[in-house]
Amino acid sequence: MNKRLITLIVNGDRHELAVAPTRTLNQVIRDDLRLTGTKRGCTSGSCGVCTVNDEGGRAILSCITLAVEWDGRSITTVEGVAEDGKLQDLQQAFLELGAVQCGVCTPGLIMSARSLLIRKPDADERAINEALAGAICRCTGHIKVKKAVARAVQVIADREREHGTQG
Amino acid sequence: MHLPSFEYLKPDSVAAAVRMLGEADGRAAILAGGTDLMASMGQRLSKPERLISIRDLPELQGVTLLADGSVRIAAGTTLTDVVDHDGLAARLPMFHKAVRSVASVHVRNMATLGGNLALPTRCWYTNQTETWRNARAGCFKTDVEQCHVLASSHRCVATSSADTVPALIALNASITAVSRRGERKIPLADFYRDDGAVPTILDKDELITSIQVPGFTGRSVFLKVTPREGIDFGLGNIAVLVSGPNERPAVVRIIVNSLGPHPMRLRAAEAALLEQGLADQGIDMAMKVARQDLGEVTNLWTPAGYKRRLVRTLLRRALVELRETEVGGR
Amino acid sequence: MARRAELSVVGKSQPRLDGFDKLSGRSVFTDDVYLPGMLHGRVLRSERAHARIANIDTSAAGKVPGVKLILTRQDAPDFSIGMHQPLFDDTVRFIGQEIAAIAAVEEEAAFEAASLVQVDYEPLPLVTALADALAPGAPQLHASAAGNVAWENAESHGDVDKAFAESELVVKGEYASNASHNCYAEFHAAVADFTRADRLTLWTPSQSAVLFQESMAEAFGLSVSDVRMMTLNTGGAFTGRGSARPHHYLSALLSRHSRRPVKVRAYSDEEFLMGRAGGRAEYKFRTGVTKDGFIKVIDADMTFDSGAYIEQQSLVTYLTASYLHWLFRVDAIRYHGRVVYTNNMPYWFHHGGGIAQMQFAWGRHIDEVADALSMDPVDLMLQNAVKKGHRTMTGVHFASCGLKQCIRKAARQAGWKRKRGKLPIGKGIGIGLSAMASGAKGRFVHDASAAFIKVAEDGSVTLATGIPDMGQGSHTTMAIIAAEVLGITPGDITIIAGDTDITPFDVGAFSQRGTFNTGNAVKNAAQDARKQLAKKAAADLGVKPSALVFRDHQIYPKGEPEQAIPFAKLVYGLLHSMEGRVVMGRGFYNSPAKRGSMAYSFGAQVAEVTVDRETGFVTVDRVVAAHDLGRAINPQAVEGQIDGQVFSGMSQVLYEEMLLEDGQPLNPSRLEYKLPRSFEVPDIEHILVETVDPHGPFGAKEVGEGPIVATMAAIANAVADALGEPVTEIPVSPWRVLRAVSRQDD
């Protein structure tokens, strides 16, 4: 089985990699690029800890995505969310509201929620539930996680409104 | 999970994809969203020699709302793109709800409509890792002549669980399939077979390219029962379409899925409603005769008896909901 | 004991100190560890539930490029895991049992090699159901266990016969819970580095580095200090990660033989094959009461399916026996419990080590006792509940106890009186209780924790602790305790943990002992450091050390804040002086309890549910959770614990079941083993009852296990109330509900 040379842009960095077609995006991110923030869970698409975002901000299950299918494309992982070493609104909300416990599911939840904030900034409770239902959490019972996402929706909406009136 | 090795092919057109599929002589699989295929390959339930990647083919993307009220959806359109398409929810609300109920957002971001229609059937004796399956004898799906679910069965009764299927059958949808032999249009109602191991009539060298949904006037409802919302395959799902007034409907179509190896049309129940309308009497009669059209009701996470009861509940709730939407509803 | 108003940081919500790392993907878990030259291990597992292994042929497997090592029975040293389990046995007794281990340069190669190993099995008769295992003439799984009973515990306290004779009514009940799995977010994993024959380093999620050190040292002939446990971050434990398992030994063995680090990780269904959180358990209760509702005697009989092997599972027969003494004042208690072998995967413990599931059963039984007496369960509970100062027949003493307060508050906030018995059909309300130890006396003769504190000249503090943080927030809690004593803020503290070469001894995070025991050790360490600082400040200010206040980064005589010396300045001054003192604090705590713990938490929860009588689905609408935790050191973390446990309790009562057929799990995945998610979240209200325990650090007791225990009973009782039918088995799956509804309709 021959390896293929692919280009993958991860968090804005361009990588040229030789990968076997059988390699998943999750394996390449973690084993080859050593970005271990994205976790490896069920490896079959049902637990969500492997979630990354594509260029459109969609939540993508990296464990069931072939790396070769992503040649020339761009993804964001949890390592690429904080800016200048500072937590973003969503991460800040998780921290302040106590939505992090053991931390294994946290990257997957952050990327799932980030996708929601990008694609449905006016998300209601149903949309929040929908965005998170693909990801598992065993410690928090999802309670504070949902509150944190709702808080982030609010904070971002408030900021947009502010800038709107000032703009 | 480690995938079995395969040759990766990336055609630059539908014609090229069809040619590759033909050349592979049944040993290739289409890689669209891959959400089911990857899991299946990881378990080594599928071991195609070649994967033909079609996700980036522009000819296979897009939803078109036509002036005659119909809708055309290219088979490689992701379910999220179908859900988000401006105007689709208004034109086909029941179908929109069905698409939105598939798996999770994460899966819908990659899975395609064509993939959902061609979704392999599921059974907990086969949707397992290779080592799991090695612990017991095979079955019809793995080329051994027996069924672990129903010992008396002469064919595979694994469950057909795609959510978009009952909705599209109720809407009289058809699909276009292309092979080296040419193109054919197949009514979705004729697409499925009563065999969990070979659940569709799609030839091994055929590719689904588009889905056509004719316009309709009437009301429709889609319901899905799941252990958990937003992630699971259904324990049962139902699509009901009615046109005409409650007392005397002109058209009734009732399709259920996730109960057996193929979607089932409940014609006896439809007949009861055509005759008696959607009043309580008609609904009771429909519930009573619904079982006549149920084929083999199989288990996946539930006892079969539970599923038979579930159908009647689903039917009643769908009909009651439809009845309430008589005035100006869709 | 300080009053709440006097405390500066204890009692204030503190976001977790490792939050930044966890939220930005910087936290390292075992699967994130990559060492130079590391090999990938793969464990070959039995495909038969009961068989003799006639032959293992590894020749084809050995030819796969990159395979460095294949170990089978002849390579295993002669050590046992638990009572009857050699590492590789020539008889396999469950599907999933370890029979070989492979190490290869690439993970794919290890997988491929595993698939090429040929195993010849000679099948033996299976016995997988509890009743079948106990039936006369059943196949014997272990020669040493007659009738497949692996362990038995029988206890009797008080005069049981007399108490029954004096009872005016005897109520009986039988209940069952089924096989479940912990399903942590972090799959089982271990990285072992045994490159040097005299030193083993092991990375793995764990509740107790000490217990692992012991097991590994004994197995490999090392002394305990030659085993370095790296428990950086543990992705959930829920009582299931308290001891070394076969995959730990295997990773170490592979590493020792190959002289390279080796990573072993569970993949897909493998998690469900290695072990279970619990097997089927059957509970029988017989309770004697007076007509006016005083409980005189409890007679409990329990049987636990422990699977094919037993290592620590005997514990469940002691934990569940003890639990019977913690809720009510009674005259006598009799207990008989047994652990049974079956050809299923072993039982690795779940929440409360069996207590959570048991409380479902006992909580249902108490509800039925109340019903038999035509009494409101709340009244029955209040009438019999233990109080502060109570001493059980087992010698356990409750120096603080808020059980009645919890019952009253939860019931009132939930609107119990106006709802119970008055809800429309399909709706129900139920109550459940809990009591939990905050300590692990009995596992060892001690229950020791130690801590170190370093104070740097810039006023920043480093705290070294041996307790792991599995998500419960223990490290942040320790920082709050130390900060309170030193008058600084938790953010000033850096935690050093997760490396036994550096951290001091700590028995670990099980039996809910962390906040209480480690907390006391940390408090003592902080006080040791504070004493050194106080001596200097007292001299500088011309007052007695006892007159000093440490608060808001300042030290000043009580009532004279204008005299304050900044904390950093004081430290600096101590070092940069003729004395040249480096401030370090040392703390140690060993619980003086003879067994169990010095302090017990208590709780009461009221749950409201809606039952769909047509589909059988149950929705939990609301849970009011009252918990006597002594003192909430970090309210936000406490709420998080309560939330997570209530949700988990709901999950176990309504959703979770490992469905097994002939020893094989039918639903071994996160998709088919149903754990509820975001849509299924109920409304949860927290009532924190602070009884300020005299022995706990700042009065704190546990909150790590008590809540789920109460939830199990509360939700089960609410469903029974909604159905108007007994609920005797969990999970209360939709078809069990429909069966109950059908019984009613007939």
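In chain C, 19 residues of domain 2 are in contact with 17 residues of domain 3, two residues counting as in contact if their C-beta atoms, placed from the backbone, lie within 7 Å. This is a predicted model, in which local features need pLDDT of at least 70, side-chain atom pairs count only at pLDDT 80 or more, and totals for chains, interfaces and linings use all residues. Residues are numbered from 1 along each chain as its sequence is written, while chains are lettered from A and ligands numbered from 1 in the order in which they are written.

On the domain 2 side of this contact in chain C, helix α8 (residues 270-274) gives the largest share, three residues; helices (H or I, at least four residues) and strands (E, at least two) are DSSP runs, numbered from the N terminus. That side divides into eight nonpolar, nine polar and two charged residues. Here Ala, Val, Leu, Ile, Met, Phe, Trp, Tyr, Cys and Pro count as nonpolar, Asp, Glu, Lys and Arg as charged, and the others, Gly among them, as polar.

In chain B, 23 residues of domain 2 are in contact with 25 residues of domain 3. Helices α5 (93-100) and α9 (164-170) of chain B each give two or more residues to the domain 2 side, and α9(B) gives the most, with five residues.

Between chains, 47 residues of chain C are in contact with 45 residues of chain A. The largest share of the chain C side, nine residues, comes from α17(C). By class, this side has 19 nonpolar, 18 polar and ten charged residues.

Finally, chain C holds an open sheet of four strands with mixed pairing, in the order β21-β20-β19-β25; two strands pair if DSSP finds at least two bridges between them. The edge strands are β21 (493-496) and β25 (584-590) of chain C. Strand β20 (residues 461-465) of chain C runs parallel to β21(C), joined by four bridges, and C:Leu463 has C:Ile495 as its bridge partner in β21(C).
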